[in-house]
Amino acid sequence: MKAQTARTISNQRTDDGVLVAYPNPTKDVLLLKSKDVSVKIKTVTFFSILGAQVAEYNINSNNTELRLDKLRPGKYLMRYTLDDNTQKITQIIKQ
C-alpha cells in the first residue's frame, strides 16, 4: 500500500501544459495564465457536470482573474479556447 502525502489545498494548480488554473479548488476567484505569453486565452466557458452551460467569459489576454462567486459549490468542466482556436477541457472545483 502506498503512503499518500497531504497537500495544501490552497496551493493546488491545474496545469495541462498550456494553461495554469489556480487555486483549484477555488472559492470565489480563479486565476488563469497561459504558459506561453504569445498565446492568448480567447474564451472560457463553464459547464455543470450534467453538461449545462453555466457561465462564459470573453478574455482575449494571456492571463486573467475570473470571479466565480455566482457559481454554486460543486464540480465544473471548464472549456477554454485559445487565439489559435485550440480548445481544451479541465475540471474545476468550486467550494
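In which strand is T81 found?

View 1. The model shown here and in the views below is predicted. T81 is found in strand β7, which covers residues 74-82. T81 counts as buried because its relative accessibility is 7%, and buried means under 20%. Apart from neighbours within four places in sequence, T81 is in contact with I41, K42 and T43, and also with T86 and Q87.

**View 2. The open sheet of four strands.** The strands of this sheet follow the order β5-β4-β7-β8, and their pairing is antiparallel. At the edges are β5 and β8 (87-94), each of which pairs on one side only. On average, neighbouring strands of the sheet are turned by 20 degrees against each other, direction ignored.

**View 3. Strand β4 and its two partners.** Seven bridges join β4 to β7, and six bridges join β4 to β5. Both pairs run antiparallel. I41 stands opposite L82 in β7 and opposite S61 in β5. The hairpin of β4 and β5 has four residues between the strands, and there G51 takes a positive phi near 100 degrees.

**View 4. The largest nonpolar core.** This core has 18 residues, of which L30, L32, I41, V44, F46, L66 and M78 touch the most other members. At least two residues of the core come from each of β2 (19-22), β3 (29-34), β4 (41-48), β5 (53-61) and β7. β7 supplies the largest share, four residues. In soluble globular proteins, nonpolar side chains tend to be buried together.

**View 5. V44 and its contacts.** Neighbours within four places in sequence are again left aside. The residues in contact with V44 then include L32, L66 and M78, which are also among the core members that touch the most others. V44 is in contact with A55, E56, Y57 and I59 as well, and with R79 and Y80.

**View 6. The salt bridge of D28 and K94.** The structure holds two salt bridges. In one of them, D28 pairs with K94, and the closest N and O atoms are 3.9 Å apart. D28 lies in the loop between β2 and β3 and K94 in strand β8, so this pair ties together parts 66 residues apart in sequence. D28 is partly exposed, at 35% relative accessible area, whereas K94 is buried, at 7%.

**View 7. The salt bridge of R67 and D69.** The side chains of R67 and D69 meet in a salt bridge with an N to O distance of 3.3 Å. R67 is partly exposed, with a relative accessible area of 46%. D69 is also partly exposed, at 39%.

Definitions and conventions. Residues numbered from 1 in each chain as written. Predicted model: local features only at pLDDT ≥ 70, side-chain atom pairs only at ≥ 80, totals over all residues. Heavy atoms only, no water. Buried < 20%, exposed > 50% of the residue type's maximum accessible area, 1.4 Å probe, protein only. Contact = heavy atoms within 4.5 Å. Core = buried A, V, L, I, M, F, W, Y, C linked by side-chain atoms within 4.5 Å. Pairing = 2+ DSSP bridges. Axes fitted to C-alpha atoms, helices over the stretch in contact; angles between N-to-C directions. Salt bridge = Lys/Arg side-chain N within 4 Å of Asp/Glu carboxyl O.
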